[in-house]
Amino acid sequence: MDKVYIALGSNLANPQVQLISALQAMNQLPGSRLVAVSSFYQSKPLGPQDQPDYVNAVTCLETSLAPLALLDELQRIEHEQGRVRLRRWGERTLDLDMLLYADHIIQSERLTVPHYDMYRREFVIIPLAEIAPHLSLPSGQSIQMLAQKFADHQMVIVKHKNEIHLKN
């Protein structure tokens with residue numbers, strides 16, 4: 001079983017419900033189980049500002065699925081929850097991004113791991129540091145050191161990790 005960290009984001013169709021549904025779907029993937037879920041954070045959109053705020057989280061999934069098989073499953077979950085790609089960094093019902101897959105470095109047409117821009121996104125680094133404070137990235141960087149760069153973040157916790165309950 002490999003540990004995989006996945007970022008979740010939504011700003012349409014009741015975002016907190018979208019994230020809970022996605023977490024439940026991930027927990028049902030073959031050969032997989034969720035081992036940690038961060039709090040849900042409200043954040044400003046990364047792209048166009050004429051869209052609602054996002055709700056973001058990070059989860060840790062233990063899985064026996066290969067990276068591309070997991071990517072296929074994550075994209076299936078997005079699609080089942082109504083994901084439509086209208087514009088880059090635009091509004092969405094659900095976005096699932098594979099951040100880290102064990103200590104693998106993957107560079108392919110379909111998948112880049114570690115996620116190409118995770119280091120510059122507070123809505124990824126802060127929740128990741130919350131659930132994996134001792135994590136070191138494949139580059140050797142400490143997640144805590146990265147999180148310090150975002151100490152003054154403006155995100156608000158809208159659901160604490162202890163309040164997140166998934167159906168079995």
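Guide: In the largest nonpolar core, which has 28 residues, the members that touch the most others are Leu8, Leu23, Met26, Phe40, Leu70, Leu96 and Met98. Helix 1 gives the most to this core, with five residues. This is a predicted model, in which local features need pLDDT of at least 70, side-chain atom pairs count only at pLDDT 80 or more, and totals for chains, interfaces and linings use all residues. Residues are numbered from 1 along each chain as its sequence is written, and side-chain values use heavy atoms, with hydrogens and water left out.

Visitor: What makes a set of residues a nonpolar core?

Guide: The term denotes buried Ala, Val, Leu, Ile, Met, Phe, Trp, Tyr and Cys residues joined through side-chain atoms within 4.5 Å. Another core, of 23 residues, lies apart from the largest one and includes Ala7, Ile125, Ala129 and Met155.

Visitor: Why is Tyr41 called buried?

Guide: Buried means under 20% relative accessible area, exposed over 50%, and partly exposed in between (1.4 Å probe, protein chains only). Tyr41 has a relative accessible area of 6%, so the residue counts as buried. Of the 168 residues of the chain, 49% fall in the buried class.

Visitor: What joins the side chains of Tyr41 and Glu130?

Guide: A polar contact of 2.5 Å joins them. The term requires a pair of N or O atoms within 3.5 Å; within protein, one must be able to donate a hydrogen and the other to accept it, and residues adjacent in sequence count only if both atoms are side-chain atoms. Tyr41 also touches Pro127, among others (contact means heavy atoms within 4.5 Å). The C-alpha atoms of Tyr41 and Pro127 are separated by 7.9 Å, although the two residues lie 86 apart along the chain.

Visitor: How do you know that the length of helix 1 agrees with expectation?

Guide: Helices (H or I, at least four residues) and strands (E, at least two) are DSSP runs, numbered from the N terminus. The expected span is 1.5 Å times one less than the number of residues. For the 13 residues of helix 1 (residues 15-27) this gives 18 Å, and the end C-alpha atoms are 18 Å apart, so the two agree.

Visitor: What is the secondary structure of the chain, and why is the chain called compact?

Guide: The chain has four helices and eight strands. Its radius of gyration is 15 Å, close to the 15 Å that the globule rule gives for 168 residues, and therefore the chain is as compact as a globular protein of that length. The radius is taken over C-alpha atoms, and the rule is 2.2 Å times the number of residues to the power 0.38.

How values were computed: Lists of a residue's contacts leave out its neighbours within four places in sequence.
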